[in-house]
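My entries follow in the order I made them.

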Amino acid sequence: MTQGTGTLGSGGGDLPIVLGFETSCDETGIGIVRGTELLADAVATSVDEHARFGGVVPEVASRAHLEAMVPTVHRALETAGLKLSDVDAIAVTAGPGLAGALLVGVAAAKGYALALDKPLYGVNHLAAHVAVDQLEHGPLPEPCLALLVSGGHSSLLLVPDVTSDIRPLGSTVDDAAGEAFDKVARVLGLGFPGGPLIDRAAREGDGAAIAFPRGLTGPNDAPFDFSFSGLKTAVARWVEARERAGEPVPIADVAASFQEAVVDVLTRKAIRACKENGVDHLLIGGGVAANSRLRALAEERAADQGIRVRVPRPKLCTDNGAMVAALGSELVARGVRPSPLDLPADSSMLITEVLV
């Protein structure tokens, strides 16, 4: 299929306006970016529909995206004070993520690109989590080290160039950090999603109260891989033992000690990766990057090593269309050839593939 031939920059102003679509999980995100200026970030979430299941149900997420897509696009355009005809390029998350959810976003983006005769960029969800920081803190240092932590991913990435060269150093071998937060929150009866609830409960607790294990931190373990399954099980067994003994469960201390175990491992490995790769900028992204203890401990440990930490504001850490538009805008600025209009949705898209 042929690509759109509309002239970039035709939407007015010196820089092209990029419309971004994000539907990799349960958020329908539509973002609009001009250069590195965020014009709109509209999100429709279906989290309440998943809460009773204790996790995201793919079919429910896909149907929610279908219902929310057009209204969310209209809301973003209204916020930005723009018309569809002002848009110069379209960017969409092509993967990784839930297959059905991705298909909704990719299909919608193709439809808008065809209707507007504009170029389409199918981008990597994880690379977009890196690129979004440019909307807040300006151009990325090259190289930088990215720690991406969410419900589906826990990854350490060396990023010489966010548009073309992202190198995986390590990732989770089982549960991602965000998934562990959700499961521990369920054990403690806190609800879903678990991240914000654990963070809130932990503020009243003692992070050193319970010595939970730190996975993959032994001398012979992979230095930059993560494992949180054992930690999750250890928390569940500790809570079950208290309940069997008829003793009250100190929820705040359990939450704080679990959270400390997670962020201790994340920050320790991230700082080590920076030092071993000669990088002095650490970028933290993904939904778990909104965690207050992760931010504080990363800043503390990085400062001791002369490393600067960059973390987008919490709303830009969770899944959103702004991050997709930000990466699309950077690709446009560098004159990268757009994707074909028959681009697929790839649920297991590798981080080394920034653009389809």
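**Entry 1: H8 against H9**

I looked up the axes of H8 and H9 and found them roughly antiparallel to each other, a label for angles over 145 degrees, where under 35 is roughly parallel, 65 to 115 roughly perpendicular and the rest oblique. Helix H8 (residues 229–244) packs on H9 at about 165°, and the axes are 11 Å apart. The crossing of H8 past H9 is right-handed. On the H8 side I listed Leu231, Val235, Trp238 and Val239, and on the H9 side Val254, Phe258, Ala261 and Val262; contact means heavy atoms within 4.5 Å.

**Entry 2: Ground rules**

I noted that this is a predicted model, in which local features need pLDDT of at least 70 and side-chain atom pairs count only at pLDDT 80 or more, while totals for chains, interfaces and linings use all residues. Numbering starts from 1 along each chain as its sequence is written, and side-chain values use heavy atoms, with hydrogens and water left out. Helices (H or I, at least four residues) and strands (E, at least two) are DSSP runs numbered from the N terminus. Axes are lines fitted to C-alpha atoms, for helices over the stretch in contact, with angles from 0 to 180 degrees between N-to-C directions.

**Entry 3: H9 itself**

I checked the span of H9: its 26 residues reach 38 Å from first to last C-alpha, close to the 38 Å expected at 1.5 Å a residue; the expected span is 1.5 Å times one less than the number of residues. Of those 26 residues, 19 are buried, so H9 is largely enclosed by the rest of the structure. Buried is under 20% relative accessible area, exposed over 50%, and partly exposed in between (1.4 Å probe, protein chains only). Glycine 278 follows H9 and has a positive phi, near 65°.

**Entry 4: Other partners of H9**

Helix H7 (residues 194–202) packs on H9 (residues 251–276) at about 115°, with 7 Å between the axes. H7 and H9 are therefore roughly perpendicular to each other. H7 passes H9 in a left-handed crossing, meaning that the near helix is turned anticlockwise from the far one by less than a right angle, with clockwise giving right-handed. I recorded Ile198, Asp199, Ala201 and Ala202 of H7 meeting H9 residues that include Ala252, Ala255 and Phe258.

H9 and helix H10 (residues 292–304) pack at about 35°, their axes 9 Å apart, and this crossing is right-handed. Among the H9 residues that meet H10 are Val263, Asp264 and Ile271, and among their H10 partners are Leu297 and Arg301.

**Entry 5: Aspartate 264**

Is aspartate 264 buried or exposed? It counts as buried, at 7% relative accessibility, and its place is in helix H9. Leaving aside neighbours within four places in sequence, I found aspartate 264 in contact with Arg214, Leu297 and Arg301.

**Entry 6: H2**

H2 bends by about 45° at alanine 68, and proline 71 follows within four residues. The bend is the angle between axes fitted to the seven residues ending at a residue and the seven starting there. Buried residues of H2 include His65, Ala68 and Met69.
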